[in-house]
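Visitor: Could you walk me through this chain, starting with its contacts and then its sheet?
Guide: Gladly, let's look together.

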Amino acid sequence: MKTLIELVEAYLQGKPIGKILCPKCRKHGYLSVEPRGNHYYVYIKHKDFNKQYKCYLGAVAYDYVNRYNKLGLEDALTCERHINYAIESIRNIISVLKEKRDLRGFYYENINKQYIAQKLAELKQLVSELEQLLNQ
Ligand SMILES: [Zn+2]
């Protein structure tokens with residue numbers, strides 16, 4: 001199965017894309033990518049009998065996606081992307097704590113280490129729950 005970013009790229013190149021399964025409503029529909037300014041907005045358009053509607057999947061700063069963004073649409077049709085987002089987010093926090101810059105080079109002056117430590121405790125609980133679920 002193609003990733004959503006691959007489908008968006010194909011769509012923007014004018015390639016035909018058949019119906020795809022909408023990750024929001026679980027019905028088939030047609031991909032639609034609507035540019036406005038520097039952003040692209042991704043929808044799945046549905047037609048149910050006479051009723052038309054579209055599910056909004058998200059805004060994409062498309063020019064950033066291939067350069068840096070592992071938090072964008074990449075693998076957005078798969079569940080596994082969430083663990084990748086979590087890992088990438090943690091790598092960003094480590095980078096900020098080490099160098100005051102995230103992986104994109106964005107500089108951070110004021111870092112609330114106490115807040116991060118509190119959230120880390122929550123994260124450890126979640127990781128433990130995740131491990132238990134994976135070992136069932
Ligand atoms: Zn939908």
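Visitor: Among contacts in the chain between residues at least 6 apart in sequence, what share joins residues at least 24 apart?
Guide: First, a note on the model: it is predicted, so local features need pLDDT of at least 70, side-chain atom pairs count only at pLDDT 80 or more, and totals for chains, interfaces and linings use all residues. Residues are numbered from 1 along each chain as its sequence is written. Two residues are in contact if their C-beta atoms, placed from the backbone, lie within 7 Å. Of the contacts between residues at least 6 apart in sequence, the share joining residues at least 24 apart is 25%.

Visitor: What is the order of the strands in the open sheet?
Guide: Two strands pair if DSSP finds at least two bridges between them. Here β1 and β2 (residues 28-36) are joined by two bridges, β2 and β3 by seven, and β3 and β4 by nine. The pairing is antiparallel, and the order is β1-β2-β3-β4.

Visitor: Why is one side of β1 and of β4 left without a neighbour in the sheet?
Guide: Strands of a sheet pair through backbone hydrogen bonds, either parallel or antiparallel. β1 (20-21) and β4 stand at the edges, so one side of each has no neighbour in the sheet: each has a single partner strand.

Visitor: Which residue in the turn between β3 and β4 has a positive phi?
Guide: These two strands form a hairpin, with two residues between them. The turn residue with a positive phi, about 55°, is Phe49.

Visitor: Is Gln52 buried or exposed?
Guide: Gln52 sits in strand β4 (residues 51-60), and beyond its neighbours within four places in sequence it is in contact with His46 and Lys47. A residue is buried if 20 or more other C-beta atoms lie within 10 Å of its own, exposed if 12 or fewer, and partly exposed in between, with C-beta atoms placed from the backbone. Because Gln52 has 10 other C-beta atoms within 10 Å, Gln52 is exposed.

Visitor: How much of the chain is made up of buried residues?
Guide: The chain has 136 residues. Buried residues make up 10%.

Technical notes
Helix = DSSP H or I, 4+ residues; strand = E, 2+ residues; numbered from the N terminus.
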